Amino acid sequence: MSLSSSPAVETASLRSEVDAHHDAWFRRTLKACALLVLAALLGAALSTLWGGREVLFGHGLHFITSTAWNPAANDYGALAPIFGTLVTSLIALILAVPTSFGIALFLTEIAPAWLRGPVSAAIELLASIPSIIYGMWGLFVFVPFMAHIEPALGNTLGRIPLIGKLFDGPPIGLGILTAGIVLAVMILPFMCAVMREVFSTVPARLKESSHALGATTWEVMCDIVLPYTRSAVIGGIFLGLGRALGETMAVTFVLGNAYSVTTSLLMPGTSISSSIANEFNEAVGLHRSALIALGFQLFVVTFAVLLIARLMLHRLARLEGN
Amino acid sequence: MVVAIYTHRRIVNLLALILSGCATLLGLLFLAWILWTTLQHGLAALDIKLFTKVTVQGAEGGLANAIVGSLVMDTIALVIATPIGIAAGTFLAEYAHRSKLGAIIRFLNDILLSAPSIVLGLFVYAIVVLPMSNLTHGVVSFSGIAGAIALALIGLPVIVRTTDEMLQLVPASLREAALSLGIPQWKLTTQVLMRAAVSGIATGVLLALARLAGETAPLLFTAFGNNFMATNPLDKMESLPVAIYQYTNDPNPALHAMAWAGALLITLFVLALSLFARWYLHRHRSAHD
């Protein structure tokens with residue numbers, strides 16, 4: 001009697017065949033779901049490219065270089081929103097990078113152990129507050145506050161040649177500077193979380209040996225911790241930048257919604273995301289196409305920034321052999 | 001000379017440490033400031049009318065339709081995102097742990113996690129709102145279901161990522177023990193690994209809910225908004241964040257109180273969810289170490 005004809009072996013081999021069949025289907029289903037993530041990103045890029053094609057290809061370079069945004073004449077130049085997005089994000093970075101570095105330094109090196117948990121949890125809470133709340137708080141609380149501060153800014157920083165131009169404008173509280181500050185508060189927890197995490201991966205041996213050689217905490221931070229974690233810190237900063245570029249609700253209320261490119265940070269402006277949020281539902285035809293084209297540009301730029309961020313973060317992980 | 005250098009270094013160090021303490025205080029100050037104003041204005045505006053009356057354009061109403069709309073859309077979004085997210089996360093952890101495709105998807109999922117939500121709104125407008133409007137000749141255009149799909153896209157990467165991480169935390173010995181008994185891979189995954197990681201995965205779903213419940217931008221051109229009570233997901237649907245947006249945009253200051261009340265509700269909900277999820281995740285993680 002051959003082995004294959006034994007009923008027990010037959011059911012076993014049948015069962016393993018059925019199992020293999022189920023396994024293959026299970027695997028395919030899971031893979032399809034995972035590919036949906038790819039499809040979502042690709043779809044977002046392609047659908048905005050398609051929706052904005054009339055303006056992207058019809059207007060050509062004019063769309064990026066012109067400041068005219070005139071739905072009545074069907075003439076669209078996106079320089080003002082692009083300018084607003086870049087400048088507000090830049091202000092946010094300038095303010096948030098040193099602050100989050102300071103917080104990460106405090107949490108990893110200075111704070112006593114019992115304080116670290118609560119404080120880092122509180123900073124992370126800033127990240128879970130919905131962006132619409134930032135926007136509301138910005139408009140009703142922070143804008144009036146800035147209106148008090150801005151005359152003082154104009155009288156001090158505004159007097160300095162060159163830099164003075166930046167603070168030369170109506171002190172109404174609304175504007176690019178205010179939007180930049182609100183954005184800074186928003187992206188702070190993201191950058192801080194990355195920095196805190198990577199700072200704590202620095203081997204204690206390295207820090208202890210430099211302390212033993214007489215280095216101060218600050219010197220250990222600058223000469224040991226920062227060089228060791230540099231790529232991840234840059235990645236964290238880019239992660240924050242990506243957030244700042246794409247943020248909508250936090251800036252829409254406080255920007256003032258004006259299509260202008262100015263040297264003054266106190267002037268109202270607009271950004272890509274707030275232009276889309278404000279106008280999309282009333283826009284038809286070419287106007288709508290122009291807004292979708294703006295969305296495409298925003299997507300491409302944030303994708304590139306986030307790509308760099310993730311690559312930089314990956315580098316440190318590889319360095320550690322993860 | 002040596003003493004002078006040493007003093008200089010100590011002063012620099014002290015200054016840096018003081019500044020970093022100030023930075024921390026500044027961060028905490030902003031958190032307290034935002035939470036305090038939301039609580040203060042929100043509590044003052046809290047009223048039973050909020051839960052019984054619907055929103056009114058340009059006049060004081062309630063938030064009943066916005067609360068119902070948010071609940072409906074958040075639920076549908078989770079119903080869509082949870083199975084897909086868990087399946088995708090399982091694929092990454094169990095089938096593509098070391099493969100190139102797995103690395104690419106994991107990488108792009110992290111990008112989707114911080115992609116601008118307004119562009120995802122435009123995407124859903126193009127693939128759901130426009131085709132539906134064309135198919136039904138404009139009867140159905142903006143709809144709760146479109147809003148829910150947009151929200152699902154925002155919650156999805158959160159679920160994918162936590163599922164992936166949680167499954168990787170399951171000890172390899174558990175896998176090997178099950179496989180040595182001759183169990184097929186799909187049974188191993190669904191009946192052994194999922195069970196071991198279920199609390200972590202559930203936390204991921206809660207984090208996703210916390211993330212998508214506060215989103216406004218992707219709802220503007222998908223669910224649109226509606227001043228009537230709508231429970232049919234094919235109708236235009238109001239939501240708490242969009243109601244806050246409209247009330248805030250209104251020049252009438254009396255309506256700003258309504259916006260604050262909505263802000264209080266959504267903030268309490270989101271913060272409670274994410275605090276609970278983080279606490280739970282933390283406990284879970286330390287139990288594994």
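## Salt bridges across the interface

Between chain B and chain A, 3 salt bridges cross the interface of this predicted model. A:Glu219 is paired in a salt bridge with B:Arg9, and their closest N and O atoms lie 2.7 Å apart.

## The interface as a whole

The size of an interface is often given as the accessible area lost when the parts come together. For chain B and chain A, the buried area is about 7000 Å². Carbon and sulfur atoms give 79% of that area. Chain B brings 77 residues to the contact, and chain A brings 77 residues.

## A helix pair between the chains

Helix 1 of chain A (residues 7-51) packs against helix 3 of chain B (residues 64-95) at an angle of about 110°, and their axes are 7 Å apart. Helix 1 of chain A is therefore roughly perpendicular to helix 3 of chain B. The crossing of these two helices is left-handed.

On the side of helix 1 of chain A, the residues in this contact are A:Phe26, A:Arg27, A:Leu30, A:Lys31, A:Cys33, A:Ala34 and A:Leu36. They meet B:Ile84, B:Ala87, B:Ala88, B:Thr90, B:Phe91 and B:Tyr95 in helix 3 of chain B. By class, the contact of helix 1 of chain A with helix 3 of chain B has 10 nonpolar residues, 1 polar and 2 charged.

## A helix pair within chain B

Helix 3 of chain B also packs against helix 8 of chain B (residues 185-213); their axes come within 9 Å and cross at roughly 135°. At that angle, helix 3 of chain B is oblique to helix 8 of chain B. The crossing of helix 3 and helix 8 of chain B is right-handed.

Residues of helix 3 of chain B in this contact include B:Asp74, B:Leu78, B:Ile86 and B:Glu94. Among the residues they face in helix 8 of chain B are B:Trp186, B:Met194, B:Val205 and B:Leu212. The contact of helix 3 with helix 8 of chain B divides into 12 nonpolar, 4 polar and 2 charged residues. B:Thr90 and B:Tyr95 of helix 3 of chain B take part in the contact with helix 8 of chain B and also in the one with helix 1 of chain A.

## Salt bridges in the whole structure

Over all chains, the structure holds 9 salt bridges. One of the pairs is A:Lys207 with A:Glu109, whose side chains meet at 3.1 Å, N to O. A:Lys207 lies in helix 8 of chain A (residues 204-212) and A:Glu109 in helix 4 of chain A (residues 79-110). The pair is 98 residues apart and links distant parts of the chain.

Terms used
Residues are numbered from 1 along each chain as its sequence is written. Chains are lettered from A and ligands numbered from 1 in the order in which they are written. This is a predicted model: local features need pLDDT of at least 70, side-chain atom pairs count only at pLDDT 80 or more; totals for chains, interfaces and linings use all residues. Side-chain values use heavy atoms; hydrogens and water are left out. Axes are lines fitted to C-alpha atoms, for helices over the stretch in contact, and angles run from 0 to 180 degrees between N-to-C directions. Helices (H or I, at least four residues) and strands (E, at least two) are DSSP runs, numbered from the N terminus. Angles under 35 degrees count as roughly parallel, over 145 as roughly antiparallel, 65 to 115 as roughly perpendicular and the rest as oblique. A crossing is left-handed if the near helix is turned anticlockwise from the far one by less than a right angle, and right-handed if clockwise. Contact means heavy atoms within 4.5 Å. Ala, Val, Leu, Ile, Met, Phe, Trp, Tyr, Cys and Pro count as nonpolar, Asp, Glu, Lys and Arg as charged, and the others, Gly among them, as polar. Buried area is the accessible area (1.4 Å probe) that two parts lose on being put together, summed over both. A salt bridge is a side-chain nitrogen of Lys or Arg within 4 Å of a carboxyl oxygen of Asp or Glu.
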